[in-house]
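This briefing is intended for a reader who is meeting the structure for the first time. Please keep the sequence and the three-dimensional view at hand while reading.

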Amino acid sequence: MPRGIPFRRTLLGQALLLGVLPAVVVVLAIVGVNAMRAWNGIVTRIEKELVSETAAAVKEIDTRNARDIGFVRMMVLSQETGQFGRRAETLRMLERILRTNPEVYAAYIGYEPNADGQDAAGAQAGVPANALGEGGRFYPYFKRDPASPTGIVLEPLQNTEQDGGLWYELPKERFERAGIADAIVTKPYTYLGTDIIEYVMPIVREGRFVGIAGLDIALTDAQKQLDALADELDADLFLETRGQFIAATTDVTGGTRLRTSEVSGSPMAPLFAGGFARDATLTKVFDESLGEECYLVTATVPTGGWRLVVRKPTSVVAAEISGLVALNLLTALIGVAVIVSILSYGAVRLSQRVRAAESIAVRIAGGDLTGDAVAVRGADESASLVRAMNTMNADLANIVSAVRAASTRLAATSAQLAATTREQGATASSFGGSTAQIAAAIREISATGDELLRSVQAVDAGARRTADAAAAGRGRLDAMASSMSRLDGATTEIGDRLEVIAEKAAAISSVVVTITKVAEQTNLLSVNAAIEAEKAGEAGYGFLVVAREIRRLADQTAVATLDIERMVRQMQESVAAGVTDMKRFAAEMRTGTSDAKRVANDLAGIMNEMNAAFASFSEVQRGMASQAAGVAQIEEAVNQVAAGAQQTATSARESARVADEVSHSVAVLADAASRFTVDERAARTDKER
Amino acid sequence: MQVLFTTVGGRRFALDCAEILEVLPVVAHLPAGIGPKWLLGLFNLRGTLVPLVDLGVIVDGTPTTMRLGARIVVMRLDAELFDATLPDGAANRVGLLVSEIIGPFTRDFSQPGAHPGFAFAGAPHLGPTIADDDGLVQLLRCRRILEGDSTLRELPRSAAEWPQP
């Protein structure tokens with residue numbers, strides 16, 4: 001943290017103030033608006049849902065009622081279209097309906113007295129007495145009875161006190177007064193522990209009321225349906241008809257459910273007392289039984305004239321919505337926290353790097369270049385800034401080291417320069433003294449030149465004598481060369497003759513081989529002759545002597561040929577040696593001849609050079625004269641050199657002054673460079689480099 | 001008796017002229033296939049093929065050096081080594097290759113003081129030894145010269161004895 005800057009002015013403070021704070025404000029505003037909109041939307045949605053679900057439930061109940069009425073209408077139809085009067089057949093149908101439909105608790109048909117004209121017949125086959133009412137009218141009532149072995153009991157219809165015969169009189173009255181032949185749905189009642197509802201319909205033949213048909217059906221399905229709907233909507237439902245509950249999903253009276261009880265005696269009475277708005281609309285009323293405000297939806301079931309009432313406390317709706325809104329708010333807060341932490345991280349990192357760069361800059365400003373490089377990761381501009389500062393630090397350190405080394409060297413050099421200049425001045429002074437000595441030497445050269453001229457004249461005379469001698473020698477060498485070429489011809493001739501001799505010797509040697517072979521054959525012949533003579537015994541003795549003589553002659557011939565062979569070989573060797581010698585001699589002769597010619601040519605060259613030398617000698621003499629004049633000029637030049645040396649000494653003093661000034665400037669430069677502290681290791685490395 | 005001298009391994013040996021048919025210069029001969037070491041091959045003696053035997057191998061075990069003085073000594077063997085039906089006694093004629101032939105000379109190998117020679121199996125051709133002015137000389141019984149070779153006795157004697165294919 002830089003000293004003396006309030007936090008809101010620092011880089012981190014600015015980033016938080018200008019980046020993080022606005023972001024948080026905006027996010028919170030968005031979340032607030034969204035929450036409000038969501039609240040309203042959800043309320044609307046729940047209200048619509050309540051209405052639509054109610055309507056759907058009503059429709060379903062209506063469908064079920066229509067189905068049950070369909071049963072009754074089918075019974076009536078079968079009576080009207082031909083079954084009327086067939087009592088046995090009708091009984092079988094009723095029993096069958098009861099057996100195949102478990103939700104049906106009772107099925108019955110009642111004829112007007114003697115409507116089919118069979119009342120007088122009484123009980124007959126297929127029509128037991130139980131199926132007949134007073135006067136023998138057809139009045140059967142099939143109902144479920146667990147006590148009976150078949151589970152089903154047949155008995156005559158009776159007017160109970162509970163309904164007052166309304167189930168028969170009401171349809172008859174409706175048809176006869178208003179001509180309405182529709183089904184009637186009676187109030188529910190409890191039978192065998194099950195809630196039952198009755199459907200009754202008039203049987204009409206030829207425009208006349210002749211009887212009724214009816215079914216008792218359990219309300220279990222309606223109750224189940226209401227319970228399921230109540231769970232789904234989280235609301236209380238009530239089904240009511242003619243001031244009596246058919247089904248309900250809540251108990252509020254002494255632990256019994258509201259079903260099949262009178263509305264007027266229940267706590268719900270006030271709700272139902274004031275009447276209702278239009279079907280399928282939502283109203284808000286204060287329910288005294290709950291002690292709070294409720295949504296109320298009502299709808300009428302067309303078939304049977306039932307009414308469905310749905311009650312849902314507003315507090316339940318509010319609880320649902322507040323849960324959703326709270327979830328939204330939590331998500332938003334987490335988002336804000338993440339944004340703040342990310343932005344803060346970036347801001348802190350940036351401010352750290354800027355602070356690092358600042359510390360390097362402050363150090364460099366203070367003249368300290370020894371600091372190590374600050375390590376930094378990342379590739380953004382702030383990282384590059386820190387790296388650039390590091391590089392700048394290193395480069396500055398190198399430059400200052402170089403300046404220091406250079407100024408040291410420069411100081412040494414300027415000192416050397418001053419010394420050299422002073423020395424030069426001294427030398428120039430002494431050079432002035434030397435010029436006098438040079439003048440004396442020049443005079444001596446002049447005298448020597450005269451002496452040299454005399455010597456050249458003597459050499460000239462000697463050379464002329466030598467030229468004469470060379471001419472004489474050349475003549476004699478020419479004569480020798482011609483003798484030598486004659487000798488060369490003679491040796492060649494001798495060589496040819498010697499080769500002829502060698503050929504002859506070779507011929508002799510082949511003859512000797514022949515003689516040797518003959519001698520050998522002769523020897524062999526004598527041996528064989530001796531052998532033959534030996535075999536001839538005494539008779540061959542003389543021949544043996546002859547053979548021995550022949551052998552001796554052959555041996556002598558062999559010895560003689562050996563001698564000849566040896567002599568011929570010696571002769572051949574001699575001739576070969578002679579030929580070789582002659583060849584070598586001829587080669588030497590040719591070499592000698594060419595040497596003599598070369599000597600003669602050399603002598604001629606010498607004579608030519610002599611003549612050229614004679615010309616040079618006279619030039620030398622002329623040169624000597626001009627040399628004397630040159631010496632006088634040199635003397636004058638030496639005097640000028642002495643004056644020049646004087647001037648050099650003066651300028652050397654000037655140079656020494658300038659060198660002193662340079663060394664002063666270098667001292668100033670070194671002082672300036674010493675302001676910076678440099679890592680000596682780095683400086684040394686730089687020098688070594 | 002008349003003898004011819006020859007040398008094997010620096011020692012002098014005498015050949016009886018009575019046993020010799022003739023002496024020939026060395027002529028070309030052809031290798032005779034696989035056989036004993038001393039059998040150099042066959043050579044053409046005026047139209048008849050005759051075996052050529054190396055005397056050096058038999059006497060000393062070293063092959064005779066071929067030089068200018070080398071000769072072939074033609075003789076008959078006591079035993080008939082080959083098919084006796086051959087004409088002109090060719091069955092037992094052989095040529096002995098010797099390094100040289102000197103003589104003839106007259107020497108007596110039955111004179112008093114002569115050494116009768118050593119009798120041992122495998123060398124029936126070695127005869128008595130005498131001394132003359134040039135040193136010791138031993139007589140070779142040339143006609144029995146091949147009898148010491150055991151291999152020879154197992155060779156087929158006649159073409160008729162060869163197994164027919």
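The model is a predicted one. Chain A has 689 residues, of which 18% are buried, while chain B has 165 residues, of which 28% are buried.

**Composition of the chains**

- Chain A contains nine helices and twelve strands.
- In chain A, 68% of the contacts between residues at least 6 apart in sequence join residues at least 24 apart.
- Chain B contains two helices and eleven strands.
- The order of elements along the sequence of chain B is β-β-β-β-β-β-α-β-β-β-β-β-α.
- Of the contacts in chain B with a separation of 6 or more, 54% are between residues 24 or more positions apart.

**Where the chains meet**

- Chain A contributes seven residues to the contact, and chain B contributes ten residues.
- On the side of chain A that touches chain B, four of the residues are nonpolar, one is polar and two are charged.

**Nonpolar cores**

- The largest nonpolar core comprises 68 residues, and the residues with the most contacts inside it are Val72(A), Tyr199(A), Leu239(A) and Leu308(A).
- Helix α1 of chain A, residues 11-83, supplies ten residues to this core, the largest share.
- Apart from this core lies another, of 39 residues, which includes Leu4(B), Ala14(B), Leu39(B) and Val59(B).
- Beyond its neighbours within four places in sequence, Leu308(A) has contacts that include Thr54(A), Ala57(A), Val58(A) and Ile61(A). Leu237(A), Leu239(A), Thr298(A), Ala299(A) and Val301(A) are also among the contacts of Leu308(A).

**Helix α1 of chain A**

- The helix α1(A) has 73 residues, and the distance from its first C-alpha to its last is 102 Å, close to the 108 Å expected at 1.5 Å a residue.
- In α1(A) there is a kink of about 30 degrees at Val20(A), shortly before the proline Pro22(A).

**Residues in other helices of chain A**

- Gln225(A) belongs to helix α4 of chain A, which covers residues 220-233. Gln225(A) counts as partly exposed because 18 other C-beta atoms lie within 10 Å.
- Setting aside neighbours within four places in sequence, Gln225(A) is in contact with Ala57(A), Glu60(A) and Ile61(A). Gln225(A) and Glu60(A) are 165 residues apart in sequence, yet their C-alpha atoms are 8.8 Å apart in space.
- Thr522(A) belongs to helix α7 of chain A, which covers residues 381-535. With 17 other C-beta atoms within 10 Å, Thr522(A) is partly exposed.
- Residues up to four places away in sequence being left out, Thr522(A) touches Ile550(A) and Ala554(A). A distance of 6.9 Å separates the C-alpha atoms of Thr522(A) and Arg551(A), which are 29 residues apart along the chain.

**The sheet of chain B**

- Six strands of chain B form an open sheet with mixed pairing, in the order β3-β7-β8-β6-β5-β4.
- The edges of this sheet are β3 (20-25) and β4 (29-30) of chain B; each has a single partner strand, so one side of each is left without a neighbour in the sheet.
- Strand β6 of chain B, residues 48-54, and strand β8 of chain B, residues 93-98, run parallel and are joined by three bridges. Leu52(B) has Gly95(B) in β8(B) as its bridge partner.

**Loop residues with positive phi**

- Asn114(A) is not a glycine, yet its phi is positive, at about 50 degrees. Asn114(A) sits in the loop between β1 (104-111) and β2 (140-144) of chain A.
- Asn114(A) has 13 C-beta neighbours inside 10 Å and therefore counts as partly exposed.
- Arg46(B), a residue other than glycine, also has a positive phi, near 45 degrees. Arg46(B) is part of the loop between β5 (39-45) and β6 of chain B.
- Arg46(B) is exposed because it has 5 other C-beta atoms within 10 Å, and a residue with 12 or fewer counts as exposed.

Note on methods. Residues numbered from 1 in each chain as written. Chains lettered and ligands numbered in written order. Predicted model: local features only at pLDDT ≥ 70, side-chain atom pairs only at ≥ 80, totals over all residues. Contact = placed C-beta atoms within 7 Å. Nonpolar A, V, L, I, M, F, W, Y, C, P; charged D, E, K, R; others polar. Helix = DSSP H or I, 4+ residues; strand = E, 2+ residues; numbered from the N terminus. Buried ≥ 20, exposed ≤ 12 C-beta atoms within 10 Å, placed from the backbone. Core = buried A, V, L, I, M, F, W, Y, C linked by C-beta atoms within 7 Å. Expected span 1.5 Å × (residues − 1). Bend = angle between axes of the 7 residues up to and from the residue. Pairing = 2+ DSSP bridges.
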